Amino acid sequence: MLRLVLAVMLAVTALSAKGPVYVMLWFDTEDYIEPAADDAALRIATDLEKLGVKATFKVVGEKARVLESRGRRDVIRALAQHDIGYHSNYHSIQPTPALYLRGMSWLDGAAEFERRERPGVADIRRIFGVTPSCYGQPGSSWAPQTYRALLRLGIPVYLDESDHVGVNAQPFWFGGMLNVFHMGQFVIRPSLTDESQIPQTFEKFDRAAEELEARGGGVISWYYHPTEFVTSAFWDLNFAKGANPERSDWKNPPRRTAEESERCYHILRRYVEHAKSRAGARFVTARELPMLYESSSVHVGDRTAIARHMAARQTFLTTEAGTLSAADMLQVLLGMEPAVVEGPVARGETTYPEQGIPRAALQRVKIDAADFIRDRRRLPSEVWIGSKKLSLADFAATLAADDGASSSVTIRKGNLEMEKYIATDATGSFAWPIHPEGFSAPELLELARLQAWTLKPARLK
Ligand SMILES: [Zn+2]
């Protein structure tokens with residue numbers, strides 16, 4: 001008997017040693033042209049509710065207003081049983097975010113995005129009675145300035161899928177937000193129309209779940225658009241290649257037959273049932289995500305380890321105690337209590353010509369840099385040594401390599417390893433049928449590289 005109890009206990013321990021698999025099922029609820037898409041959203045929300053599963057519906061501001069004006073309280077009520085996120089005010093009406101933000105600075109761009117999007121967030125609040133839990137950009141119209149604005153709008157999670165920034169295909173902190181983005185093999189978006197693909201999809205899901213269990217847990221990101229269940233081409237092709245027709249000229253997308261739609265709903269149900277049947281897998285919403293992950297507020301960490309790391313490379317550091325972004329570590333090196341701050345607004349330049357800085361001068365620079373960070377809640381692009389400058393990267397490397405004793409501190413070149421987590425294909429990353437033909441936004445990727453100071457993997461509690 002005792003042996004049996006022991007065996008059972010061991011089995012239970014082995015089972016619980018597997019990390020949790022969190023399944024985030026989300027729906028970009030955006031088609032404000034085709035009324036059948038309203039019914040699709042209702043049907044999906046109701047089906048999932050019957051299955052006992054909560055999803056995240058990222059709703060477009062105009063879609064919410066259209067639901068209201070069409071008198072679809074039934075749809076609004078059904079969606080509100082799930083989690084409500086935000087998917088921009090107008091989605092594909094020109095200009096889309098990356099298009100107008102490409103030529104704007106960090107601060108100006110954030111202010112402009114906030115100006116354009118604040119009314120949409122307010123409408124979501126009024127119509128659904130909640131502040132959206134998350135945001136994701138229309139198409140691939142991603143831009144780093146949106147992060148600053150979204151935090152000011154009270155939205156803490158970035159939920160979407162694209163490749164502009166990412167770490168290890170799992171959630172990460174960037175720009176002060178918790179991101180589920182660039183999720184690689186952990187993205188599931190299988191065919192809704194081809195039943196023969198169901199076995200492969202189950203297998204892909206199981207493989208992803210096993211890998212996460214072995215890694216200690218994580219997120220599977222899984223998404224659709226309600227409109228896909230009732231139409232066979234996207235509603236927003238009205239706005240293809242930068243087009244911006246008048247409302248009266250908008251064309252409805254081609255419809256699926258009722259039978260085809262039923263097949264889509266049926267396939268979705270089968271996927272969800274399969275995921276539900278897996279022990280240790282749990283459906284979670286964007287609103288729950290920040291409770292599952294450690295907050296970005298920083299543990300100070302071991303200063304010696306931080307200095308060694310930052311002297312060689314400026315990028316995040318993962319330790320037993322947690323993860324630290326380069327911005328967190330710079331604050332530790334400056335003797336500050338680390339806070340969530342923004343990256344620099346520009347790529348600073350080193351003009352200081354000497355090999356070393358007198359210790360007293362470095363001390364003044366440190367005090368000034370810490371004061372700037374506290375005052376602006378942002379890292380400086382460069383620091384002044386008299387009339388000459390050090391770039392932020394060179395300053396950080398120099399501070400990290402300082403032995404704290406010599407009368408002159410040797411200048412050390414920065415090594416911005418953090419930037420490798422930002423996409424480099426300024427055309428491919430912004431490819432989207434709605435952007436003007438040949439659209440490319442290297443400026444946005446450069447701003448993203450500057451914000452990589454704030455990048456670090458998120459860690460499950
Ligand atoms: Zn969308």
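The model is predicted, so local features need pLDDT of at least 70 and side-chain atom pairs count only at pLDDT 80 or more, while totals for chains, interfaces and linings use all residues. Residues are numbered from 1 along each chain as its sequence is written, and side-chain values use heavy atoms, with hydrogens and water left out.

- Histidine 87 and histidine 91 are both buried, where buried means under 20% relative accessible area, exposed over 50% and partly exposed in between (1.4 Å probe, protein chains only).

**Aromatic pairs**

- Helices (H or I, at least four residues) and strands (E, at least two) are DSSP runs, numbered from the N terminus.
- Tyrosine 158 is buried at a relative accessible area of 0%, and phenylalanine 181 is buried at 0%.
- Phenylalanine 229 and tyrosine 265 form a stacked pair, with 5.4 Å centre to centre and 15° between the planes.
- That pair also links distant parts of the chain, 36 residues apart, with phenylalanine 229 in the loop between strand 9 (218–224) and helix 9 (258–277) and tyrosine 265 in helix 9.
- Phenylalanine 229 is buried, with a relative accessible area of 0%, and tyrosine 265 counts as buried at 6%.
- A cluster linked by ring pairs comprises Tyr86, Phe113, Tyr135, Trp142, Tyr147, Tyr158, Phe174 and Phe181.

**Charges over rings**

- Arginine 65 sits over the face of tyrosine 90, 5.1 Å from the ring centre; the criterion is NZ of Lys or CZ of Arg within 6 Å of the ring centre and within 35 degrees of the ring normal.
- Arginine 116 sits over the face of tyrosine 100, 4.4 Å from the ring centre.

**Glutamine 94**

- Glutamine 94 lies in the loop between strand 3 (83–86) and helix 5 (97–101) and is buried, with a relative accessible area of 13%.
- A polar atom of the glutamine 94 side chain lies 3.1 Å from the backbone oxygen of phenylalanine 239, and one lies 3.0 Å from the backbone oxygen of isoleucine 434.
- Not counting residues up to four places away in sequence, glutamine 94 touches Leu99, Phe239, Gly242, Ala243, Asn244 and Ile434; contact means heavy atoms within 4.5 Å.

**Alanine 40**

- Alanine 40 lies in helix 2 (residues 36–50) and is buried, with a relative accessible area of 0%.
- Leaving aside neighbours within four places in sequence, alanine 40 contacts Pro226, Phe229, Val230 and Tyr265.

**Cysteines**

- The count of disulfides is zero, a disulfide being a pair of cysteine sulfur atoms within 2.5 Å.
- Cysteine 134 is buried at 0% relative accessible area, and cysteine 264 counts as buried at 0%.

Terms used. Phe/Tyr/Trp six-rings, centres within 6.5 Å; stacked < 30°, edge-to-face > 60°. Polar contact = N/O pair within 3.5 Å; in protein donor to acceptor, adjacent residues only side chain to side chain.
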